[in-house]
Amino acid sequence: MKAAVDATKCNAYGTCADHCPSVFQLDEWGYGSVVGDGTVAEAEIGAAKVAAADCPEKAITLIDA
Amino acid sequence: MTPASVLAGPHAEGADSARRAAVHPAIAPRLVVAGSEEARLHLAAERALGTYEPGTEGGEFLDELERSGLTGRGGAAFPAHIKWRGVVAGEGPRVVVANGEEGEPASGKDRWLLTHRPHLVLDGLLLAARTVRAGRAVVYLSHPETVAAVRGALDELAAAGDDRAREVEIHVVDPTYVAGEESALCRSVNGGPALPTAKPPRPHESGVDGRPTLVSNVETLAHAAWLARNGADAFRAQGTAASPGTALVTLSGACGAPGVYEVPLGRTIRQLFDEVGGGLAEESHGFLVGGWFGGVLRRERAQDTPCCYDALRTLGSGLGCGAITALGADDTPVRVAADLAAWYARESAGQCGVCVNGTKAIRDTFARIADGAGSADDRDKLVRWGDTLPGRGACAFLNGAATLARSAVAQYPEAFPAGA
């Protein structure tokens, strides 16, 4: 699975990095991006789904690789 | 402080570099043909050159496109055959768009091409439409003189009883830097604002009308039309193995003869200025390459670099749209960087938080350094943003600001506050 953050939607709530810091990181202004190429490790899929569902701006997409 | 003079590019009021063009003395011209240098070629003159005559078509043309090595002349230098085949692979109906928006401030070559050889661009667009079997063909423009020239060309075709004139639409958009980005283009043609969208999907998957869409720079289409009639071997007779063909470049700044020139790819930056640009001013200490998108390059490091896509990429820059500005004595590195960074912060479309904040931070940091109030920490921040911000926005705009930050420090280290 791969994650992506739509930069046009992200509004720096930061919930993604709280839920799943192995996949999502925040920059110095609080905006989210994926770590590396956004690959989600098997054990982190549940946390990544929570991050996507909880994003107030629905800025996260998860795609089965 | 006085703004750097370099910001008065071809699009600045009164600039006339897009009004005439010339040819490098070593080549037979493909685009800047005799009679077109200062005036629009009308239909009869174009027909005499073979424009609108059929050449290689369909799958055979796609093979020829691959053999030619033609890459996109709008900035990204993406292989044309991969882009065209990507659209063919999608389910029809498909759409083709000639992108003549040219939001790059230092570039005037697309405006020259559209106002002097609009028929060749239309010929390339119609070729693209036949090749990808498109149901819709659009010319995407922003400058009034390009709109008038393309309208005039379509009227000439219609008056000559050529039905193909009716197959082409013109879409006019307000000129901004990001309006020429391909996802912004699709959004605008679809009736929305000319602002980029997140990828995927890319236009070849879902663009205008949600259909597979070929968005091609107008110069790329003109080369494609030439290629269809002359073949890949002739195309490759100019340029280098990795960057074949000719290109339109816009030379500006501290040189003897700023303007638009058709040149073979692979000449060094210094050769280009010497051979067509009237010579570099002695005091010129560096360049902006690839418009304002490839950062700054120091003269002694860059002037003997060939103008081909790979060589400039190796320097951390890029030939991009082929615009090269020679920096003059007044264009001190930090002042130029500060002015360009202010432009980036102003021109950000304001869609992506990271772009709004990143461009502002780069602007403020360069301004502090330019005012003599910068610190080593400021310099380190510029380096870090140069590394971490590329790829973060929905379009490549933020990458340009990041490249500016990284290249200014790397190319002119002595101009920045030293570490403790």
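This briefing walks through some features of the structure shown above, topic by topic. The model is a predicted one. In chain B, four strands form an open sheet with parallel pairing, and helix H6 packs on that sheet. Chain B also touches chain A, with ten residues from each chain taking part in the contact.

**The sheet of chain B**

- Helix H6 (residues 144-159) of chain B touches E3 and E4 of chain B. The direction of H6 makes about 165 degrees with that of E4(B).

**A pair of crossing helices**

- Two packed helices are described by the angle between their axes and the distance between the axes.
- For helix H13 (residues 353-370) and helix H14 (residues 376-388) of chain B, the axes come within 10 Å and cross at roughly 145 degrees.
- The crossing in which H13(B) passes H14(B) is left-handed.
- From H13(B), the contact is made by Gly358(B), Ala361(B), Ile362(B), Thr365(B), Arg368(B) and Ile369(B). H14(B) contributes Asp378(B), Lys381(B), Leu382(B) and Trp385(B).
- Sorted by class, the residues of this contact are five nonpolar, two polar and three charged.

**An enclosed helix**

- Helix H15 (residues 397-411) of chain B has 15 residues, and at 1.5 Å a residue it should span 21 Å. Its end C-alpha atoms are 21 Å apart, which agrees with that expectation.
- Of the 15 residues of H15(B), 13 are buried, so this helix is largely enclosed by the rest of the structure.

**Loops of chain B worth a look**

- Gly92(B) and Pro93(B) are joined by a cis peptide bond, with omega about -5 degrees. Pro93(B) lies in the loop between helix H3 (80-89) and E2 of chain B.
- Another cis peptide bond runs from Lys199(B) to Pro200(B), with omega near -5 degrees. You will find Pro200(B) in the loop between helix H7 (182-189) and E5 of chain B.
- Asp209(B) also lies in the loop between H7 and E5 of chain B, and its phi is near 60 degrees, a positive value in a residue other than glycine. Asp209(B) counts as partly exposed, with 15 C-beta neighbours inside 10 Å.
- Arg133(B), in the loop between helix H5 (118-131) and E3 of chain B, has a positive phi near 55 degrees, again in a residue other than glycine. Arg133(B) is partly exposed, with 13 other C-beta atoms within 10 Å.

- On the side of chain B that touches chain A, the residues divide into four nonpolar, five polar and one charged.
- Within chain A, Pro21(A) has its place in the loop between helix H1 (15-19) and strand E2 (24-26).
- Pro21(A) is partly exposed, with 14 other C-beta atoms within 10 Å.
- Pro21(A) and Leu62(A) are 41 residues apart along the chain, and their C-alpha atoms are separated by 15 Å.

Technical notes:
Residues numbered from 1 in each chain as written. Chains lettered and ligands numbered in written order. Predicted model: local features only at pLDDT ≥ 70, side-chain atom pairs only at ≥ 80, totals over all residues. Helix = DSSP H or I, 4+ residues; strand = E, 2+ residues; numbered from the N terminus. Expected span 1.5 Å × (residues − 1). Buried ≥ 20, exposed ≤ 12 C-beta atoms within 10 Å, placed from the backbone. Pairing = 2+ DSSP bridges. Contact = placed C-beta atoms within 7 Å. Axes fitted to C-alpha atoms, helices over the stretch in contact; angles between N-to-C directions. Left-handed = near helix turned anticlockwise from the far one by under 90°. Nonpolar A, V, L, I, M, F, W, Y, C, P; charged D, E, K, R; others polar.
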